Amino acid sequence: MRAQDAANVSGAPGRTVTEDVSRRLLDSASQLSYDPATEVDWDAPLPEDGHGLAPEWSTLYGTRLWDEMTERQRVTLTRHEVCSIMSTGIWFEMILQQLVLRDQYVRDYATAEFQFALTEIADECRHSIMFARACEKMGVPAYFPKRLVVELARILKTAGTAEVAYGGILVAEEVLDIMQRDAMRTDGVLDLVRTTSRIHVVEESRHMRFARAEIRQRVRRAGPLRKHTSALGIAVVAYFIITSLVNEEVYAEAGLDKERALAAARSNRHHHTMMRSGSAPLMDFLGTQGLLTRPASAIYQRVHML
């Protein structure tokens, strides 16, 4: 995705991703992409004991409440948790698609950069439909972020700088990536979830590479004030994404006392450790780009990414 004038996501002049990088990503997409409509066995029955997440990624795993839960409750909880995460993924992928379309408006259609941007949008459309069908198959309703977060996101997709936009992409995708990789190799997780995770992991690896390249190019030209502002903006976006992943209503759906479950999840040291471990590559990358300032770090610590 290229920034050439003030109408772009960042407003910064110059190209941000080389044709060479974009061409390699296009070649990768042509060789290794999936159609969820045919790759996923949508007609296969779901085993009653199949989890939605690797249990270790449940927000209650490792707590006293988890030990008290029946296996049926654990299965129900992880299915609702994964569908809440998928719903948040759909919500954020819709934001991403709008950012990319706005950035590519009246660009040079002959460039590999423009063509990969549209390839990414096509990927995101398929992923969103795939997640929606997976949740429907599991019989779980759509979960949405809180109203305030939804409205604040309108500002991001309309006025977000490139660093903040692509930093948000990395936050959402890299945290999902580690969860989904664990789901792919964990026995007892639904085949439906393992297959959708595999598709998403493969195709999103290209999107994450694209976003990292964009951030590197933009911050290279940014002054200290812009870096500081962007670092804080990415952290704020991360805060709202991470706190929106698991909707609080999932606990009631598993037959749990919602207030007790929320308290257990918020104080769950095991889950905090998993989040920090999964976020480590992202934190390292932001640090190398000068986007891990003290105020930003304080926000990441609040959501246990650092």
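Visitor: How many nonpolar, polar and charged residues are in the lining of the largest pocket?

Guide: The lining has 14 nonpolar, 7 polar and 4 charged residues. Nonpolar means Ala, Val, Leu, Ile, Met, Phe, Trp, Tyr, Cys and Pro; charged means Asp, Glu, Lys and Arg; the others, Gly among them, are polar. This is a predicted model: local features need pLDDT of at least 70, side-chain atom pairs count only at pLDDT 80 or more, and totals for chains, interfaces and linings use all residues. Residues are numbered from 1 along each chain as its sequence is written, and side-chain values use heavy atoms, without hydrogens and water.

Visitor: What is a pocket, and what is a cavity?

Guide: Rolling a probe the size of a water molecule over the atoms shows where empty space is left. On a 1 Å grid over the protein atoms alone, a cavity is a set of points where a 1.4 Å probe fits but cannot get out. A pocket is an open set with protein on both sides within 12 Å along at least five of seven lines. Lining residues have an atom within 4 Å of a point.

Visitor: What volume does the largest pocket have?

Guide: About 840 Å³. Volume is the space filled by probe spheres set on the points, which are joined across faces, edges and corners. Nearest the pocket's centre lie Ile 242, Thr 243, Ser 244, Val 246 and Arg 266.

Visitor: Which cavity residues lie closest to the centre?

Guide: The largest cavity has a volume of about 110 Å³. Of its 13 lining residues, Val 82, Ile 85, Leu 176, Gln 180 and Ser 197 are closest to the centre. Its lining has 9 nonpolar, 4 polar and no charged residues.
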